[in-house]
Amino acid sequence: MAAVFVDADACPVKNEVYRVAERHGLDVKIIANTSMGVPGVASIELVVVSDGFDAADDWIVEHVGARDIVVSDDILLAARCLPKGAHVINARGHEFTEASIGDALANREFLSQLREHGLASGGPAPFEKKDRSRFLQHFDRLARICATKAK
């Protein structure tokens with residue numbers, strides 16, 4: 001059965017993941033460095049990993065497989081999950097693919113260098129209602145695809 005893996009520590013769309021995954025009959029694994037509240041249903045599992053560098057990412061990569069969905073804003077994690085056949089989507093509804101991950105990695109590196117030289121500051125724009133809506137639309141499509149393939 002396909003599952004949804006959520007890189008949960010800073011994920012603003014966990015509640016949306018729960019609702020959509022339940023509708024499509026997908027299990028959800030919430031991966032975090034600290035304990036957090038999750039709905040008390042059998043299809044949702046909280047996995048608390050050590051607070052070591054990339055511990056949550058490493059756990060996800062080790063357990064994710066083809067047809068699974070990873071919800072994360074971490075481009076490096078996306079690049080590690082795609083070769084395993086997983087779908088990866090960020091909280092703003094952007095799906096990372098084999099075709100797009102190279103550009104995403106290059107842009108990440110470029111922005112990092114700009115920040116390093118003091119030519120750019122700040123982070124992403126504030127998370128808005130339209131971001132949540134776009135996530136729901138794209139995540140629902142992925143969940144439908146993965147649930148269908150799993151049958």
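Which strands does helix 2 (residues 55-63) lie across? I looked: helix 2 lies across strand 1, strand 2 (27-32), strand 3 and strand 4. Helix 2 runs at about 165 degrees to strand 1. Axes here are lines fitted to C-alpha atoms, for helices over the stretch in contact (heavy atoms within 4.5 Å), and angles run from 0 to 180 degrees between N-to-C directions. Helices (H or I, at least four residues) and strands (E, at least two) are DSSP runs, numbered from the N terminus.

I note that this is a predicted model, where local features need pLDDT of at least 70, side-chain atom pairs count only at pLDDT 80 or more, and totals for chains, interfaces and linings use all residues. Residues are numbered from 1 along each chain as its sequence is written, and side-chain values use heavy atoms, with hydrogens and water left out.

I found six strands in an open sheet, in the order 3-2-1-4-5-6, with mixed pairing. Strand 3 (44-48) and strand 6 (95-96) stand at the edges with a single partner strand each, so one side of each lacks a neighbour in the sheet. Two strands pair if DSSP finds at least two bridges between them.

Then I followed strand 1 (residues 3-7). Strand 1 pairs with strand 4 (residues 69-71) in the parallel sense over three bridges. Val4 has Ile69 as its bridge partner there, and Phe5 has Val70. Five bridges join strand 1 to strand 2, also parallel. In strand 2, Asp7 is partnered by Ile31.

Last, I checked burial (buried is under 20% relative accessible area, exposed over 50%, partly exposed in between; 1.4 Å probe, protein chains only). Ala3, Phe5 and Asp7 point one way from strand 1, Val4 and Val6 the other, and all are buried.
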